[in-house]
2 protein chains.
Amino acid sequence: MHRKYFHPLKNKHIRINDPLFGYYSNMIADTVLQYQWDILNDRIEGVELSHCVENFRIAAGLSDGKYYGTVNLDSDIYKWLEAVSYCIESGKRNHLNNIADEAIDLISKAQQPDGYLNTYYTVEKPEERWTNLVEGLELYSAGHLIEAAVAHYSATDKTVLLDTAIRFADLITETFGPGSSQIQGYPGHQEIELALVKLYRLTGEKRYLDTARYFIDYRGVLPNYFLGEIDRRNEETIFPEFKNYDLKYSQSHKPPVSQKSIGGHAVRAMYMCSAMADLALEYGDEELTAACSSLWASTTEKNMFITGGLGSSGFLERFTTEYDLPNDSMYCETCASVGLMMFGQRMASVTKDAGYYDAVERALYNTVMAGINADGLKYFYVNPLEVWPDRCLPSTSMRHVRPVRQKWYSCACCPTNIARTLASLGQYIYAADDRSLYIHLFISSEVVVEEFGGVRVKMVADIAAGGIIRITADAPVNLRIRIPDYSEEPEFLLDADLAEPVIESGYAFFELKSAAEIKINFNVKPRWTAANNRVRSDAGKAALIFGPFVYCLEETDNGSNLSAAVIDTDVSVERGKRLSELPGNMPVFEYDGYRMDSGVSGLYGTADFRMEPIRLHAVPYCLWCNREPGEMIIWQRVRI
Amino acid sequence: MHRKYFHPLKNKHIRINDPLFGYYSNMIADTVLQYQWDILNDRIEGVELSHCVENFRIAAGLSDGKYYGTVNLDSDIYKWLEAVSYCIESGKRNHLNNIADEAIDLISKAQQPDGYLNTYYTVEKPEERWTNLVEGLELYSAGHLIEAAVAHYSATDKTVLLDTAIRFADLITETFGPGSSQIQGYPGHQEIELALVKLYRLTGEKRYLDTARYFIDYRGVLPNYFLGEIDRRNEETIFPEFKNYDLKYSQSHKPPVSQKSIGGHAVRAMYMCSAMADLALEYGDEELTAACSSLWASTTEKNMFITGGLGSSGFLERFTTEYDLPNDSMYCETCASVGLMMFGQRMASVTKDAGYYDAVERALYNTVMAGINADGLKYFYVNPLEVWPDRCLPSTSMRHVRPVRQKWYSCACCPTNIARTLASLGQYIYAADDRSLYIHLFISSEVVVEEFGGVRVKMVADIAAGGIIRITADAPVNLRIRIPDYSEEPEFLLDADLAEPVIESGYAFFELKSAAEIKINFNVKPRWTAANNRVRSDAGKAALIFGPFVYCLEETDNGSNLSAAVIDTDVSVERGKRLSELPGNMPVFEYDGYRMDSGVSGLYGTADFRMEPIRLHAVPYCLWCNREPGEMIIWQRVRI
């Protein structure tokens with residue numbers, strides 16, 4: 001019913017069989033979700049305690065005890081359920097159905113009679129509901145409940161979770177708004193807004209959309225709600241770092257529509273922007289669209305790491321200033337890159353411009369994929385572009401950077417966020433509007449497009465072979481195929497004949513009159529990439545890029561002290577042995593380089609630099625730290 | 001009476017007339033101490049509130065109100081008084097006498113009948129005295145009271161402050177110790193130990209020395225006192241960052257004598273090491289001496305910035321791991337370098353080895369001097385080696401780095417620490433034992449050595465001219481003159497004749513039989529210095545050093561984006577116009593270099609590096625940020 005924009009296709013109609021992404025998405029269904037469920041149930045030893053399920057049991061009156069964990073912990077089970085729902089919808093591992101039902105039953109029992117649902121406030125502070133929107137994150141968790149419910153209903157047609165979510169959503173739409181009996185507040189962590197848009201799209205109930213809009217429109221309006229709330233709470237905070245609260249941290253210093261540059265907490269920012277783009281589209285609001293464009297440009301053209309990572313400050317997980325992109329001390333939270341994918345997907349939907357997917361792809365292929373171990377059982381929260389493990393110490397400025405993936409986190413937002421993203425990859429690969437099927441990412445897969453009479457489109461995408469893409473359709477269909485930023489003079493064959501498709505907003509357009517095969521050669525080559533001069537951290541350095549993949553050097557291949565590695569950008573980059581022990585059978589690149597030696601045996605001494613030739617071996621960043629842990633570096637010093 | 005080690009000479013017998021250091025030490029007496037007194041009295045507008053004097057007034061019952069400020073705030077007035085005392089002793093600005101007496105009168109009135117003296121506990125928590133040694137810092141402030149009292153008595157022979165300090169010291173020696181009725185605790189921030197040694201040396205009372213020794217010996221002994229205390233306080237903390245207290249932070253994880261490598265909070269570490277060296281000397285304790293040597297080597301050979309700065313982590317102001325010396329995000333607290341001077345001075349005294357003064361000199365000439373503005377009215381707490389002001393933002397990881405000196409700080413330990421150090425510079429220049437006068441630093445000055453029949457020694461030291469030092473003595477005297485690490489084939493003339501003095505433990509020894517003149521040419525040249533390969537932050541970079549002075553590039557001379565500056569280490573470094581607008585009339589160095597350009601107009605793009613020749617202008621780091629503020633960098637990229 002919403003054909004004005006393109007929309008993702010149903011998971012159940014997409015099968016991913018890519019050597020890299022197929023491996024990961026199957027792993028989510030086969031291994032990861034059961035493992036995460038066990039962790040949420042505190043059944044895995046030697047892991048940071050979750051207590052998530054137990055909190056629900058306590059809130060439901062099924063167990064005694066105290067709430068344990070960060071205030072947003074409920075969202076873990078919701079994001080996990082969302083991921084489970086996508087797997088169920090894909091027809092994968094239907095055994096997940098049973099544990100999903102068990103979880104949903106428990107969640108519904110923890111709901112209060114009036115629809116309120118938050119285990120922290122129910123167990124610990126029942127009288128303080130909605131009194132600490134800045135930190136309490138009730139609305140954040142509610143958003144993830146709604147997203148899970150929409151996904152579960154879409155996957156199963158079961159209504160228990162959806163009913164639960166709607167009861168809570170109805171309470172929220174009644175509680176918050178401009179009315180005199182309502183709270184004129186908005187969430188400390190954006191998320192509910194985009195969830196309400198999803199609920200609106202599912203149910204057609206306009207009040208959800210309007211409340212989402214309310215939360216965006218009233219954010220940062222004067223007198224500032226948060227300042228009033230902090231005052232009412234006598235500046236008592238749950239989190240010590242929220243003393244002297246900086247409104248910019250939560251993008252609540254002025255209304256989002258007036259925000260021209262991105263700032264504050266990166267995940268909050270990306271979730272807000274995603275909701276803004278949803279609303280811009282639903283309301284056809286050009287002012288909001290312009291704000292989104294401006295925030296997108298600020299994000300991707302001035303504040304994004306080459307890995308699609310976001311957040312330059314370890315403290316408060318936030319953006320800092322334009323071009324401040326420190327490779328070792330940054331944050332680059334996995335969730336922020338998931339948020340960037342969401343924002344870009346929505347911007348492409350609003351504008352029908354393929355260009356947004358360049359950053360979506362960069363984020364997915366690098367930071368998001370790096371966030372999970374090849375066995376699915378360990379995760380990065382922070383994704384450094386350069387690591388010297390010895391300095392990643394507790395109780396120091398580097399305490400946020402872990403040199404190896406961890407089994408779980410006390411604030412474990414990322415593991416389930418990765419799971420729900422990889423379990424619903426199809427939404428980023430394909431989309432449709434009323435006329436065309438859009439192909440956004442080059443991940444081997446098949447799709448059956450119900451909307452177009454069940455046409456079956458199959459894609460075999462081989463980036464490793466240099467970006468050779470074969471797309472076959474078994475019936476007439478209009479295809480719009482994104483031309484990525486890394487393609488160099490792409491060549492198109494239609495049924496073996498050279499073709500020169502119309503290129504429109506970054507898409508190559510094919511109007512197939514019958515079953516056909518399109519073959520594309522994107523001419524992907526390893527390329528030395530540099531950063532803008534203003535990025536002080538990357539001055540005189542280059543990163544090796546191969547299509548959407550950023551490559552890195554690891555200690556296990558190149559020895560220690562990677563800061564001393566030097567390269568020539570005109571050197572021949574050759575293919576080494578494939579990484580057969582890791583998924584995707586990805587190429588390694590080899591090239592001649594140097595190792596600098598200062599000639600100083602003490603701590604300081606007369607400079608007497610030498611260069612020793614060495615052979616360097618680069619691997620895809622998304623697979624780093626899957627072998628012997630150690631140092632890693634993306635940006636390599638260039639001999640100039 | 002303690003002739004087994006060398007000891008500093010009395011301030012009143014030293015006159016500093018160096019163009020650089022004379023300027024600063026006069027400025028302390030002429031301007032700074034009155035200004036700091038006004039700040040301590042909250043009389044200066046637009047400055048971070050001190051409330052120090054007001055806290056004493058409240059504790060003395062002379063004013064109503066609440067305590068305000070960090071728990072260690074009392075120490076500000078004590079360090080200020082210590083500085084005032086040195087100025088009085090030097091015969092400078094005797095008007096300071098009156099305000100010192102006023103301050104001392106107030107301090108004595110705030111003392112409790114049993115000798116206890118701490119305004120925070122007296123005003124806020126009289127029942128909780130000594131219950132939070134980890135954070136409460138009562139013993140730290142007590143130490144500074146004692147140091148001030150020793151200095152004031154030595155300067156004036158007045159006993160009011162000394163009596164006050166002794167009453168408190170006596171309470172402390174009674175309260176703490178191994179006895180069953182005593183507290184088996186020790187300070188959360190070391191300082192009292194070295195103060196008690198000073199009090200012992202003044203009074204000859206052994207109990208002060210023994211309590212100092214007790215504090216060092218029992219530190220970190222099992223069962224750990226701090227862990228017990230934290231437990232007794234139910235883990236309640238004054239400072240949120242002390243949750244999950246890391247014993248290594250305060251060097252209380254094991255006894256100091258067993259600590260082989262430096263770690264934890266840098267100022268705490270340096271003050272502890274200084275006390276250890278004092279005790280090693282007083283007790284002739286070889287085990288303690290060995291521990292000191294090991295900690296000194298760990299500090300200066302593996303954890304020291306080239307500026308003599310210490311502390312690699314902004315969070316908790318602490319050491320991290322060996323060779324982790326990040327130039328932009330480090331701490332390098334001014335106080336830590338003052339502490340390094342203290343430690344080195346004492347190690348030289350224990351060992352009679354001149355080599356310790358290389359680091360003392362490095363710390364003084366760079367970090368400590370950089371800590372104060374040329375007008376004396378602004379201070380650095382954190383001393384970066386590289387600054388890009390745009391990224392030094394509040395509520396981010398870089399919030400501790402201020403790109404310009406500040407008028408005051410909420411925790412204002414550094415301004416008064418600089419004042420007391422610069423007001424007593426003579427103790428670092430000269431020392432004596434029973435046979436010789438030692439010359440440690442090359443700062444133009446005169447000294448009259450009472451111990452050696454009033455011989456007058458005059459030094460005219462011109463580092464700027466290449467390290468030309470003239471030392472004249474008007475009577476026979478034994479001189480031991482330190483040969484600094486930066487001297488290259490030093491040449492000695494004795495009364496215009498070439499001399500070849502015996503070199504012993506880094507000292508050139510002259511046994512002058514009559515009045516004489518020694519002329520030394522240390523052949524100081526600008527030198528490109530590199531760091532050990534293991535220092536990742538300095539890989540492929542060099543710093544320009546001229547004798548003890550580290551040089552840096554400032555934006556005002558070299559344009560912005562100093563990370564893009566590249567140098568050849570074999571380029572000719574020439575003298576530019578002297579910095580006549582700043583004290584010391586120091587040379588600027590000029591050399592040809594390059595500016596890199598990545599050729600990328602967006603955020604990332606194909607690397608196409610170019611180098612454009614430019615002329616670079618380096619100024620002494622100690623004078624940086626005294627003209628137009630902006631970027632600054634010490635370590636410059638080398639073309640290799």
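**Domain layout, interface and sheet pairing**

In the predicted model, chain A is divided into four parts: domain 1 (7-253), domain 2 (255-407), domain 3 (453-521) and domain 4 (526-638). The centres of domain 1 of chain A and domain 3 of chain A, taken over C-alpha atoms, are separated by 39 Å.

The interface between the two chains was examined next. Contact involves 67 residues of chain B and 66 residues of chain A. The size of an interface is often given as the accessible area lost when the parts come together. For chain B and chain A, the buried area is about 5400 Å², and carbon and sulfur atoms give 55% of that area. Within chain B, the residues that lose the most area to chain A are Arg536(B), Tyr604(B) and Ile640(B), which together account for 16% of what that side buries.

Polar interactions across the interface comprise 40 residue pairs in polar contact between chain B and chain A, counted where both residues are at pLDDT 80 or more. On the side of chain B that touches chain A, at least two residues each are supplied by helix H13 (286-302), strand E15 (526-531), strand E16 (541-546), strand E20 (589-597), strand E21 (604-606) and strand E24 (636-638) of chain B. E15(B) provides the largest share of this side, five residues. Sorted by class, the side of chain B that touches chain A contains 27 nonpolar, 22 polar and 18 charged residues. Four salt bridges are found across the interface of chain B and chain A. In a salt bridge between the side chains of Asp324(B) and Arg391(A), the N to O distance is 2.7 Å.

Strand pairing also links the two chains. Strand E15 of chain A (residues 526-531) pairs with E21(B) in the antiparallel sense, over three bridges. Ala530(A) has Gly605(B), in E21(B), as its bridge partner.

A further sheet was identified in chain B. Six strands of chain B form an open sheet with mixed pairing, in the order E1-E4-E5-E9-E13-E12. Strand E1 (7-8) and strand E12 (502-504) of chain B each have a single partner strand and stand at the edges, so one side of each is left without a neighbour in the sheet. Strands of a sheet pair through backbone hydrogen bonds, in either a parallel or an antiparallel sense. For E12(B), pairing with strand E13 of chain B (residues 507-512) is antiparallel and extends over three bridges. Glu504(B) has Tyr507(B), in E13(B), as its bridge partner.

Conventions. Residues numbered from 1 in each chain as written. Chains lettered and ligands numbered in written order. Predicted model: local features only at pLDDT ≥ 70, side-chain atom pairs only at ≥ 80, totals over all residues. Heavy atoms only, no water. Contact = heavy atoms within 4.5 Å. Buried area = accessible area lost by both parts, 1.4 Å probe. Polar contact = N/O pair within 3.5 Å; in protein donor to acceptor, adjacent residues only side chain to side chain. Helix = DSSP H or I, 4+ residues; strand = E, 2+ residues; numbered from the N terminus. Nonpolar A, V, L, I, M, F, W, Y, C, P; charged D, E, K, R; others polar. Pairing = 2+ DSSP bridges. Domains from an automatic or database assignment.
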